[in-house]
Structure formats: structure tokens, C-alpha cells
Amino acid sequence: MTDAVPLGAPLPLPTPSAELRARLAVRRSAPAQALTVPGPDRDAIKDILTLGARSPDHGKMTPWRFVVMGPESRAEIAEQLAALAVAKGLPGKALAVLAKLTAAPVSILVVSTARPGPKPVWEQELSAGAVCMNLEHAASAYGFSSCWITDWYSYDAEGAALFRVAEGERIAGFIHIGTAAEAPLERERPDIAALTRYQP
Ligand SMILES: Cc1cc2nc3c(=O)[nH]c(=O)nc-3n(C[C@H](O)[C@H](O)[C@H](O)COP(=O)(O)O)c2cc1C
């Protein structure tokens, strides 16, 4: 699919979309373990990445990169993570959560490559977060469910290294994508009024 617009050409302005609004109004993550086949194919993944990368990025630093992971590489790394968890004496939960890593047909690892530069590192990391969220929306546009997971290995230097995350980089999240085995249940949502101050 191509939506190519020449550089500098005007883009369409937003128009009201009841469909988009309705989709956002019921957005929910799927439990990672409930994500099953089918998942997006190569072309859909490429487009999901393209759409996800269309995220705010102060200073055009592109402070993130992607690793598209199929089930095989994740299963292999999960075995290594299990051994690492045992070696480190981590509680049993550290092993149990590995099921979230291996379940989905496709996972996109978003690595934050934020570094000191013309724009604050914080803003670069926020950009990586925006990419994660847009990947989820893009997956939804293809009719897939998704889930944003980090878990302990994202914050463990040896764990992250198994995904070839380099020193100085950070894992923004694993966006697991597939077909939800069952419908998610509505959960409590924050009281927007209590979180919001309006000003004239
Ligand atoms: C940065 C980030 C990391 C997350 N990591 C995990 C995780 O490691 N394990 C988990 O169960 N949920 C994790 N979540 C939460 C889920 O992605 C999901 O947002 C949550 O279950 C709430 O569901 P909802 O997205 O439908 O509101 C994370 C969310 C964010 C934003």
C-alpha cells in the first residue's frame, strides 16, 4: 500500500470520522497470552511500521528503531531468559511472564536510541512511546489486536542484550500483534474531570 505524498505537498486536513472515534472509544489491549494466529503478513507489517513511524519526533532525530520478531527468535530468547532468571534467583513470576513474550505471531520491539543531542532525551523517549502507541493503532486498522509489554528483561542489562539492545539504548516496548482469542473486557478508566483543569 502506498500513500506517498510528495515532500512539501499539502496533506489532507482532518475531517470528522465517526468510525475512528468509535474505534478509539473502545480501544483496549489484548492480554499478550491471548494473541494468536493470524498475525500480519510481511506487507502488513511493513505498513504498520510505516504508519507507526509517522509519530511526533522533535528535531527529526528518529530516536528509535525496530526489530520485527517472529515466534522462533522469541522462543529461543525466552529459553535464554529463563536460564538468566534462574541464574539471578528471580522469583517464579519472572519465568511465568515469558509466556507473554512468546505467544503472539508477531512482535515489534521498539528500541529507544535517545542520546544527548539537540533535543532533550526525555522528548526523544516520549517519541518512542508515541511510536509504540501508533503501532498499536496501525495494527488495529488491519484488524489485529495488540499489547504493549516491557517486563523485567527490558530493564535487565543482560536480558536486553539478548535482543541485541546496545549499551545506551533502552527498550520502549514489545508491541505484540495478533488475533485475540477472545474479546477483551472493559476495565475501569480514569476520571477525566479529576485529572483536568480547564482555563479560559
Ligand atoms: C510502557 C508500558 C509498558 C507496559 N508493560 C507491561 C508489562 O510488562 N506487562 C503487562 O502486563 N502490561 C504492561 N503494560 C500495560 C498494557 O500494555 C496495557 O496498557 C494494560 O494492560 C492496560 O490495558 P489497556 O491498554 O487496554 O488500557 C505496559 C504499558 C505501557 C504503556
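**Exercise 1. Is Glu-136 buried or exposed, and what does its side chain pair with?**

Step 1. Glu-136 has a relative accessible area of 6%, so Glu-136 is buried (under 20% relative accessible area; exposed is over 50%, partly exposed in between, with a 1.4 Å probe and protein chains only). This is a predicted model, in which local features need pLDDT of at least 70, side-chain atom pairs count only at pLDDT 80 or more, and totals for chains, interfaces and linings use all residues. Residues are numbered from 1 along each chain as its sequence is written, and side-chain values use heavy atoms, leaving out hydrogens and water.

Step 2. The side chain of Glu-136 meets that of Arg-27 in a salt bridge, at 3.8 Å from N to O. A salt bridge here is a side-chain nitrogen of Lys or Arg within 4 Å of a carboxyl oxygen of Asp or Glu.

Step 3. Glu-136 sits in helix H6 (residues 121–141) and Arg-27 in the loop between helix H1 (18–25) and strand S1 (35–36), so the pair ties together parts 109 residues apart in sequence. Helices (H or I, at least four residues) and strands (E, at least two) are DSSP runs, numbered from the N terminus.

Step 4. Arg-27 is partly exposed, with a relative accessible area of 30%.

**Exercise 2. Find the salt-bridge partners of Arg-65 and Lys-88.**

Step 1. Arg-65 pairs with Glu-169, with 2.7 Å between the closest N and O atoms. Arg-65 belongs to strand S2 (residues 64–69) and Glu-169 to the loop between helix H7 (157–161) and strand S5 (170–180), so this pair ties together parts 104 residues apart in sequence.

Step 2. Lys-88 meets Glu-158 at 3.0 Å, N to O. Here the link runs from helix H7, which holds Glu-158, to the loop between helix H3 (71–87) and helix H4 (92–96), which holds Lys-88, 70 residues apart.

Step 3. Salt bridges with shared partners join Lys-88, Asp-156 and Glu-158 into one network.

**Exercise 3. Which protein atoms lie 2.6 Å, 2.9 Å and 2.8 Å from a ligand oxygen?**

Step 1. Take the backbone next: an N or O atom of Trp-148 lies 2.6 Å from a ligand oxygen, and one of Asp-151 lies 2.9 Å from a ligand oxygen.

Step 2. Finish with a side chain: an N or O atom of Arg-189 is 2.8 Å from an oxygen of the ligand.

Note on methods
A polar contact is a pair of N or O atoms within 3.5 Å; within protein, one must be able to donate a hydrogen and the other to accept it, and residues adjacent in sequence count only if both atoms are side-chain atoms.
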